[in-house]
Amino acid sequence: MTVRVIHWGTGNVGRHALAGVLTDPRFELIGVHVSGPDKVGLDAAELAGLATPSGVPATTGIEEVLARRPDCVVYTAMTDNRLPEALEDLRRLLAAGIDVVASAPVFLQYPWGVLPAELLDPIEEAAAQGDSSLFVNGIDPGFANDLLPLALLGTCRYVEQVRCLEIVDYSTYDNPAVMFDIMGFGKPMTETPLLLQPGVLSLAWGSVVRQLAAGLGIELDAVTQEYQRLPAPETFDIDSGTIEAGTAAALRFEVRGMVGARAVTVLEHVTRLRADLAPDWPQPARAGGSYRVEVTGEPNYTLDLAMFSDHGDHNHASLVGTAMRLVNAIPAVVAAPAGIRTTLDLPLVTGSGLADTSRIPATKQR
């Protein structure tokens, strides 16, 4: 059965997700929600960078989304700077009986023990009211630090620690609001940006360490965080703007799931704006960036996931991966029981139906 989908948000992740919906015969796109008036009326295909018009114009307003009664909404709107509004969007969609796959707010990847009851309860109550389900995921938080490590952990005799790393050059990530206002790049080293305010890292990535702990069947005693920053040695430009000499240009942080005095589940990010910065910090497996899972136990594992694309760099590839993690999960989420769904309880999403043999050169018969 074709799933009737409305797509919400056409930014860095959203445009790739929209392309995925439009080109997948499992889905019927019945609407596109945008926030900017300059996009209203544009065809969905144009917003997704596709050549063939879809006949679906972009609109604005949640009332129109609710009125069209989709089976599922792909929600990729910016949430970091509009958290209350985003949570209310999700609550209203779920209460109306609409399933949702979303790239954010990221703490909803696994919110239990992370999100306070006053924020979590309305989402769970709306899902129960509407008999609807919500899946929040992507690459990070998401696939690179839930499905990949959980798969490795299932092959161990015992586990002392699991550490998930993102090691990425963000210089080509074009999102000034995230880069400057939230992460604090290009800002004086004396300023503490939103991301590094007390408790914010543990809120944003606490879902990762708590879900890993749930997969291991353990209860965490605490979640802690720490970070380091380094300044730019001289002024240089990135896609989001200019980084002045002496302002923040590299960031390393950890969010740790603690059992007693031991860090058992760890999320680590190493973010550079130039490859030569912080040479003593962990380096990616491939130029530009990679994700890494390190398991200490029996056996020990190091698993590197490097992302690249014929159509862009490592950041482009990660955005496509984030988008398609959501789109390809739609059938499983629509079929799932009501509530917030996680990688621990959804069936494996295998990429069924995605093989495109027309792109593969014919092999000569021997």
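**Entry 1: ground rules**

I am working with a predicted model, where local features need pLDDT of at least 70, side-chain atom pairs count only at pLDDT 80 or more, and totals for chains, interfaces and linings use all residues. Residues are numbered from 1 along each chain as its sequence is written, and side-chain values use heavy atoms, with hydrogens and water left out.

**Entry 2: cysteines**

A disulfide is a covalent bond between the sulfur atoms of two cysteines. The rule I used asks for a pair of cysteine sulfur atoms within 2.5 Å. By that rule I count 0 disulfides. C156 is in none, as its nearest cysteine sulfur, that of C164, is 12 Å away. Seen from C164, the closest cysteine sulfur is in C156, and 12 Å is too far for a bond. C156 is buried as well, with a relative accessible area of 18%.

**Entry 3: the whole protein**

Next I stepped back. I found 10 helices and 15 strands in the protein. Both are DSSP runs numbered from the N terminus: helices are H or I with at least four residues, strands are E with at least two. The radius of gyration is 21 Å, close to the 21 Å from the globule rule for 366 residues, so the protein is as compact as a globular protein of that length. That radius is taken over C-alpha atoms, and the rule is 2.2 Å times the number of residues to the power 0.38. The C-alpha trace spans about 60 × 50 × 45 Å along its principal axes.

Buried residues make up 52% of the 366. I also looked at contacts (heavy atoms within 4.5 Å). Among those between residues at least 6 apart in sequence, 71% join residues at least 24 apart.

Two strands pair if DSSP finds at least two bridges between them. As an example, I followed β5 (residues 99-102) and β6 (residues 133-136), which run parallel and are joined by 3 bridges. A102 stands opposite V136 of β6.

I checked how covered α1 is: 7 of its 9 residues are buried, among them G14, H16 and L18. Their cover includes β1, β2, α2 (44-48), β4 and α9.

**Entry 4: the mixed sheet**

I then turned to an open sheet of 6 strands with mixed pairing, in the order β8-β11-β12-β7-β13-β14. Here β8 (222-231) and β14 (301-306) are the edge strands, each pairing on one side only. Neighbouring strands are turned by 10° against each other on average, direction ignored.

How many residues join β13 to β14 in the hairpin? The hairpin runs through 2 residues. Strand β13 (residues 289-298) and β14 run antiparallel and are joined by 6 bridges. In β14, L305 is the bridge partner of Y291, and L303 is the partner of V293.

Helix α8 (residues 200-216) lies across β7 (158-169), β8, β11 (248-259) and β12 (262-272), at about 135° to β12. Helix α9 (residues 314-327) lies across β7 and β13, at about 125° to β7.

**Entry 5: one last residue**

I finished with E64, which lies in helix α3 (residues 62-68). E64 is partly exposed, at 29% relative accessibility. From C-alpha to C-alpha, E64 and A96 are 12 Å apart in space, and they are 32 residues apart in sequence.

Notes. Buried < 20%, exposed > 50% of the residue type's maximum accessible area, 1.4 Å probe, protein only. Axes fitted to C-alpha atoms, helices over the stretch in contact; angles between N-to-C directions.
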